[in-house]
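Q: I have a chain open and want to learn how to read its features. Please take me through them one at a time.

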Amino acid sequence: MQPSGAKDTQLRESNSQKVHPQPMEEAANQNPEAVEAVVSRIFTNISSLKSAYIQLQSAHTPYDPDKIQAADKLVISELKNLSELKHFYREHNPKPVCVSPQDSRLAAEIQEQQSLLKTYEVMVKKFQSEIQNKDSEILQLQQQILEASQKRIKLEKNLKLRGLSAKESENAVNEDGHFSVDLTPELFRSAVEAAYRAIHDFSKPLINMMKAAGWDLDAAANSIEPDLVYAKRAHKKYAFESHICQRMFAEFQNEFFCVKYENSAVPNDSFYHQYLALRESDPLDVVVQNPKSLFGNFCRKKYLEVVHSKMESAFFGNLDQRNYIMSGGHPRTAFYQAFLKLTKSIWLLHRLAYSFDPPVRVFQVKRGTDFSEVYMESVLENFTVDENEKPKVGLMVMPGFHVRGSAIKCQVYLTGVKVTE
């Protein structure tokens, strides 16, 4: 045993010694697993930073401020972690870790794989978004191609109907200053199609105004054609189109077409000139300039037949427009202008029908008539019929016509069929 004085002297010498930190190289040689764990953490942090940056990029397309802010915070957090690792490395003073280096390295690898997985998920979502955008662009281009093709076909049809070549165009204007056209079945067919579109177009605001006025559309459709079974409730619109058609084509087979002429007989060329005069004109301008003309009287009479007084009172709250029309005027309201477009198409069809020699004959079919593909065409495109069932006419939406030995089919709504999507 040492004397107590010598022991105290040795203790003081031990306490007075300074402990210097070891260089990093020496520490690495002494504990390579710890250094490997630090390097693994650095790689893990870089992977997390890459994932955060990709999230920040994806938040800009589409632009999402909340996602951008969250991704920005994540990027800043990862940069801060990387900065801390940098300072830790420079100080050469790694702090003791409670867990073993093997566990630390394994945890770092797991975190790195999770970051990579998140990166791949972000990239997959980005690619899916790009695919959806491309699909949308393809659909838009296909729609544009379809519309362009339809316009091209329509223009080619109109040019064919005009029958005007470059050499003939100079002589295509008649003495009244109107462009003449050849009287062909194709010309009349195009006029029939225009009249049917006009009936359909006028029925839309009429139904909308009935809805706005609080009318029961089911009851209104039933009053037009009682107890008719429709394949779909939306098909009741054909009842209103049929109502308009029946009123507008009443007396169509008569050359006077419900208006009075000064002469008892009208020559065919007079019908043709009336057709040419109105074809390119605004119907409102025509009736305003000459309210009591044949066309003006026709518009007045048909309006009072198609639009009932109760309907007009429900629409406008009064009968001022009706009284103005009955007194010989033609109002400039949007509703009446829409009706004038309809009357113009029907009037032109009648003028054109009686321009032919012999005149075009109109034919109609009644409810309950067996469907015939020779003279009828269904307004429903996709439908099926049971084996033992025969489809029958429920409504005639547009009459048919006989022109120069050929038939233009009438448009009908069928019963006894099943509609397929």
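Q: Is Arg279 buried or exposed?
A: Buried means under 20% relative accessible area, exposed over 50%, and partly exposed in between (1.4 Å probe, protein chains only). Arg279 has a relative accessible area of 16%, so Arg279 is buried. Keep in mind that this is a predicted model, where local features need pLDDT of at least 70, side-chain atom pairs count only at pLDDT 80 or more, and totals for chains, interfaces and linings use all residues. Residues are numbered from 1 along each chain as its sequence is written, and side-chain values use heavy atoms, with hydrogens and water left out.

Q: Which side chain meets that of Arg279 in a salt bridge?
A: Side chains of opposite charge can pair when their charged atoms come close. The cut-off for a salt bridge is a side-chain nitrogen of Lys or Arg within 4 Å of a carboxyl oxygen of Asp or Glu. Here the partner of Arg279 is Glu280, at 3.5 Å from N to O. Glu280 has a relative accessible area of 59%, so Glu280 is exposed.

Q: How many salt bridges does a search of the whole structure find?
A: The search finds 8. One of them joins Lys301 and Glu305, again at 3.5 Å from N to O. Both residues lie in helix H11 (residues 294–306), 4 residues apart, about one turn of the helix. Helices (H or I, at least four residues) and strands (E, at least two) are DSSP runs, numbered from the N terminus. Lys301 is partly exposed at 32% relative accessibility, and Glu305 is partly exposed at 29%.

Q: Where do Glu312 and Arg322 lie, and how far apart are their closest N and O atoms?
A: Their closest N and O atoms are 3.2 Å apart, in a salt bridge. The pair links distant parts of the chain: Glu312 is in helix H12 (residues 309–316) and Arg322 in helix H13 (residues 320–326), 10 residues apart. Glu312 and Arg322 are both buried. Salt bridges can also share partners, and in this way Asp218, Arg233 and Lys236 are joined into one network.

Q: Which residues is Leu349 in contact with, leaving aside its neighbours within four places in sequence?
A: Contact means heavy atoms within 4.5 Å. Leu349 touches Phe188, Ala191, Val192, Ala195, Phe249, Phe252, Met398 and Phe401. Leu349 sits in helix H14 (residues 334–353). Its relative accessible area is 0%, so Leu349 is buried.

Q: What of His243, buried or exposed?
A: His243 is buried, with a relative accessible area of 18%. His243 belongs to helix H8 (residues 237–248). Beyond its neighbours within four places in sequence, His243 is in contact with Ile224 and Val306.

Q: Which strand pairs with S4?
A: Two strands pair if DSSP finds at least two bridges between them. S4 pairs with strand S7 (residues 410–415) in the antiparallel sense, over 5 bridges. Val393 stands opposite Leu414 in S7. Strand S4 (residues 392–398) is mostly covered, with 6 of its 7 residues buried.

Q: Which strands pair with S5?
A: Strand S1 (residues 361–363) runs antiparallel to strand S5 (residues 400–403), joined by 3 bridges. There, Val362 has Phe401 as its bridge partner. S5 also pairs with strand S6 (residues 406–408), antiparallel over 3 bridges. His402 stands opposite Ala407 in S6. The hairpin of S5 and S6 has 2 residues between the strands, and Arg404 takes a positive phi near 50° in it.

Q: Where does pLDDT stay under 50?
A: pLDDT is the predictor's confidence in each residue, from 0 to 100. Residues 13–30 stay under 50, and the model has 6 contacts for them beyond four places in sequence. Residues 163–173 are also below 50, with 10 contacts beyond near neighbours in sequence. Where pLDDT is low, the predicted coordinates should not be read in detail. The mean pLDDT of the chain is 81, and 79% of its residues reach 70 or more.
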